[in-house]
Amino acid sequence: MDNLLVSLTDKLSTPAVFPMRPSEVQQLALMRTETVHCGPYRSRVLISQGPMQAAKKALVLHGWGGHPLMLAQAKDILLAQGYEVYLPFLLGHDPQTPAPCDFPAQCQLLLTLQNTFGAFDTVVAHSAGGLITALSASLGFRFSRLVLMSVPASFTSLLQHYLRQNHLPESYLAPLCAWYQARFPAPEMPATDSLFALGDIPALILQGQQDTRINPADAWKIHRQLPGSQLALIEHTGHLGVLTHQRTHYELNAFLRTANADPEKRSHYVGSH
């Protein structure tokens, strides 16, 4: 591996995390938190529960370089629908415990969260968080419905974005994919173009039409892999704007109401076989 490729893998494993706004710092200070240990790493998990005893658990995952409170509005919608909501910092993303950490370890984080808190009914994930969810499903991570916001359709697509972001030639894609492939528990996982073939589960795919980080065509690729999915293209918004767009909130509310009204689909779990 040449020096430039080594530098790129190091950079990928050490994301530049978005700083929290003062209001987010205040909100974080008021939330219940628990710390889970995952190998040499620690993850702080923010936990929110409404006034009534929740029967359902939702996991909310931010993207690479993000933080949990970027999805605070999705959290509030889930709370209103009766969920207990878990928002972990991806490994290496917590400003209290910064550490280099690559994608394979994030899959172990999701399995650790499942072992600690029990199976999650619903996963809401943004960007790379959605890809980590799909990768983890093949390792036994369970859920029965899925919401994806501006998620890359494949690991290759994600790495292509990083190459463009760092102004590197496409020739680095193959060795970069090979380096990551060798690090995953199942070597074929990141190479496949059908990571989201998760069965006929209720799924909502939200994609900003002006997203310049993840190609909106990826949303269509995921939609075709999930026969039980709905696709909503959110107008006049991009990669981060999809998190706070009014139509995103409308679609999420409608999806959760419909999915929760179907007891047969509630009993089906991805990763249960």
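Of its 14 lining residues, R21, E24, L69, M70 and T244 are the closest to its centre; lining residues have an atom within 4 Å of a point. Helix α3 (72-80) supplies the largest share of this lining, three residues. The model is predicted, with local features needing pLDDT of at least 70 and side-chain atom pairs pLDDT 80 or more, while totals for chains, interfaces and linings use all residues. Residues are numbered from 1 along each chain, and side-chain values use heavy atoms, without hydrogens and water.

The largest pocket holds about 420 Å³ of space. Its lining comprises 28 residues, and W64, G65, Y162, Q165 and R213 lie nearest its centre. Helix α6 gives the most to this lining, with four residues.

Helix α6 (residues 155-165) also packs against helix α7 (residues 173-181), at an angle of about 125 degrees and with the axes 10 Å apart. The two helices are therefore oblique to each other, a class for angles that are not under 35 degrees (roughly parallel), over 145 (roughly antiparallel) or 65 to 115 (roughly perpendicular). From α6, the contact (heavy atoms within 4.5 Å) involves F155, T156, L159, Q160 and L163, and from α7 it involves L173, L176, C177 and Y180.

Conventions. Axes are lines fitted to C-alpha atoms, for helices over the stretch in contact, and angles run from 0 to 180 degrees between N-to-C directions. On a 1 Å grid over the protein atoms alone, a cavity is a set of points where a 1.4 Å probe fits but cannot get out, and a pocket is an open set with protein on both sides within 12 Å along at least five of seven lines; lining residues have an atom within 4 Å of a point. Grid points are joined across faces, edges and corners, and a volume is the space filled by probe spheres set on the points.
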